[in-house]
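Subject: Structure handover

Hi,

Here is the structure I promised to pass on. Please open it alongside this note; my findings follow below.

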Amino acid sequence: MTAPPPEQQGTGLTGPIPITGAAHDARAGASRSATRRPWPDVRPLDPVHSLKTKLALLVAASVTVAALLVWQGLYHHIGPRYTLPIAIVITLVFTQALARGMTSPLRDMTAAARAMATGDYSRRVRSTSSDEVGELADAFNRMAEDLEAVDRERRELVANVSHELRTPVSALHAVMENLVDGVTEADHETLSTALAQTERLGRLVEQLLDLSRLDAGAVSLDREDVALEPFLGQATRAMSMTGRDVHYVVDVDPPGLGVAADSARLHQVVANLLDNASRHSPPGGRVVVSAHALGEVVRISVQDQGPGIADADRERVFERFQRGSARTDGGTGLGLAIARWAVQLHGGTIRVAATPPGGGCRIDVHLPRVTPPSPAVTNVARDGTGARTAPR
């Protein structure tokens, strides 16, 4: 017995699966293209920079060819009975060959659009002309690249979020099931485990909300003067409550240093950096949080004693869903992307500094000390990497 093809396995169907909608139209268009008679793709007019000029040259060339053929026929006494039909046929073939080369990118775009309707964003249009059709082909290729990137990011988002949701939900289900079945008692340890999983779910939801704001590209900032010494002290005290065996040190110079920032967004940045640093520090390790004034800029640094970040990963860790080679704990893959987004909202920069002499990793955040002239809503344009990422 012959096994059904892969697209039918697991569906309970033994006959062919009907194809409808965009997929049917795309396949029908591909079949029609395959059955068409091939014509040579001649493009002698590609150096011309205007489509109108190309059309004018095409008409002039066709008229010239027709006139020469008629003149030759009459000169050799063939007569108009045969000369005119031959001239028309040859002129049509000549015009068709030139016109095909001019419109070839349009046909390629039609085929690529049909492929996109079925989810294939890998098709590109070959265009060697520099006229309006060539510019349209270039714009189409850029659009196809953007759509392919968006589709890839969407698939990555669904896969990563599904993976991250599965772990705490499964853990909560196991805890609750044990409590209901009477396998375990509702003691402090069991409830603490359930609370930790709910907190993990809450952090994931917050990061997804921030991710939606990042994609929207416009967020309002409520700037105020933030005194960094008490601000960083509060952030480290909150992080110390996670129970990790890490010692936090706060160093602010000068002691009264402040910065004009949105305290909620700035706390988001510092909390993400502290979370990364504490995860990668060894038991009993030290995480140093420092803030120093550098002229009109404030540098906030978070340094740990972990394995550090490889040179090849220093930019990549700020991309969404990208993890450094030292990453072993799963994570949502969004922390540093959201941190960079929040820093860019303030007109600042974030980067991985050179490896400190004692090893480990140091991440520097540079923020302007005063509020830069900007509208109430700050628009953040995506850079080449899209500012998308993941913690180490």
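Start with Tyr121. Tyr121 sits in the loop between α3 and α4 (132-181). Its C-alpha atom is 6.1 Å from that of Ala144, and the two are 23 residues apart along the chain. Leaving out residues up to four places away in sequence, Tyr121 touches Met116, Ala144, Leu147, Glu148 and Asp151.

One caution before the rest: this is a predicted model.

**Overall picture**

The protein chain has eight helices and nine strands. It has 392 residues, and 36% of them count as buried. Its accessible surface comes to about 22200 Å². Carbon and sulfur atoms hold 59% of that surface. Now take the contacts with a separation of 6 or more: 73% of them join residues 24 or more positions apart.

**α2 and α3**

Helix α2 covers residues 51-75, and helix α3 covers residues 80-117. They pack at an angle of about 155 degrees, with their axes 9 Å apart. The cut-off for roughly antiparallel is over 145 degrees, so α2 and α3 are roughly antiparallel to each other. The crossing of α2 past α3 is right-handed.

Which residues make the contact? From α2 they are Leu51, Lys54, Leu55, Leu58, Ala61, Ser62, Val65, Ala66, Leu69, Val70, Gly73 and Leu74. From α3 they are Pro80, Thr83, Ala87, Ile90, Thr91, Phe94, Thr95, Leu98, Ala99 and Met102. By class, the residues of this contact are 16 nonpolar, five polar and one charged.

Ile78 lies in the loop between α2 and α3. Its relative accessibility is 47%, so Ile78 counts as partly exposed. Beyond its neighbours within four places in sequence, Ile78 is in contact with Gly73 and Thr83. Gly73 of α2 and Thr83 of α3 also belong to the contact of the two helices.

**α6 and α7**

Helix α6 runs over residues 228-240, and helix α7 over residues 263-280. Their axes come within 10 Å and cross at roughly 50 degrees. That angle makes α6 and α7 oblique to each other. α6 passes α7 in a right-handed crossing.

On the α6 side, the contact is made by Leu228, Phe231, Leu232, Ala235, Thr236 and Met239. On the α7 side, the residues are Ser263, Leu266, His267, Val270, Ala271, Leu274, Asp275 and Ser278. They divide into nine nonpolar, four polar and one charged.

**α7 and α8**

α7 also packs with helix α8 (residues 335-345), where the axes come within 9 Å and cross at roughly 150 degrees. α7 and α8 are therefore roughly antiparallel to each other. Here the crossing is left-handed.

In α7, the residues that meet α8 are Arg265, Gln268, Val269, Asn272, Leu273 and Asn276. Their partners in α8 are Gly335, Leu336, Ile338, Ala339, Trp341, Ala342 and Val343.

How many of the 11 residues of α8 are buried? The count is 10, so α8 is largely enclosed by the rest of the structure. The buried residues are Gly335, Leu336, Ala337, Ile338, Ala339, Arg340, Trp341, Ala342, Val343 and Leu345. Arg340 is in that list. Gly347 follows α8, and its phi is positive, near 80 degrees.

**Two loop residues to look at**

Asp222 is in the loop between β1 (218-220) and β2 (223-227). Is Asp222 buried or exposed? At 57% relative accessibility, Asp222 counts as exposed. Asp222 touches Ala261, Asp262 and Ser263, not counting residues up to four places away in sequence. Take Ser263: Asp222 and Ser263 are 41 residues apart in sequence, and their C-alpha atoms are 7.9 Å apart. Ser263 is also one of the α7 residues in the contact with α6.

Pro254 is in the loop between β3 (246-253) and β4 (258-262). The peptide bond from Asp253 to Pro254 is cis, with omega near 0 degrees.

Best wishes

Definitions and conventions:
Residues are numbered from 1 along each chain as its sequence is written. This is a predicted model: local features need pLDDT of at least 70, side-chain atom pairs count only at pLDDT 80 or more; totals for chains, interfaces and linings use all residues. Side-chain values use heavy atoms; hydrogens and water are left out. Axes are lines fitted to C-alpha atoms, for helices over the stretch in contact, and angles run from 0 to 180 degrees between N-to-C directions. Helices (H or I, at least four residues) and strands (E, at least two) are DSSP runs, numbered from the N terminus. Angles under 35 degrees count as roughly parallel, over 145 as roughly antiparallel, 65 to 115 as roughly perpendicular and the rest as oblique. A crossing is left-handed if the near helix is turned anticlockwise from the far one by less than a right angle, and right-handed if clockwise. Contact means heavy atoms within 4.5 Å. Ala, Val, Leu, Ile, Met, Phe, Trp, Tyr, Cys and Pro count as nonpolar, Asp, Glu, Lys and Arg as charged, and the others, Gly among them, as polar. Buried means under 20% relative accessible area, exposed over 50%, partly exposed in between (1.4 Å probe, protein chains only). Accessible areas come from the Shrake-Rupley method with a 1.4 Å probe; for residues, only the protein chains shown count as cover.
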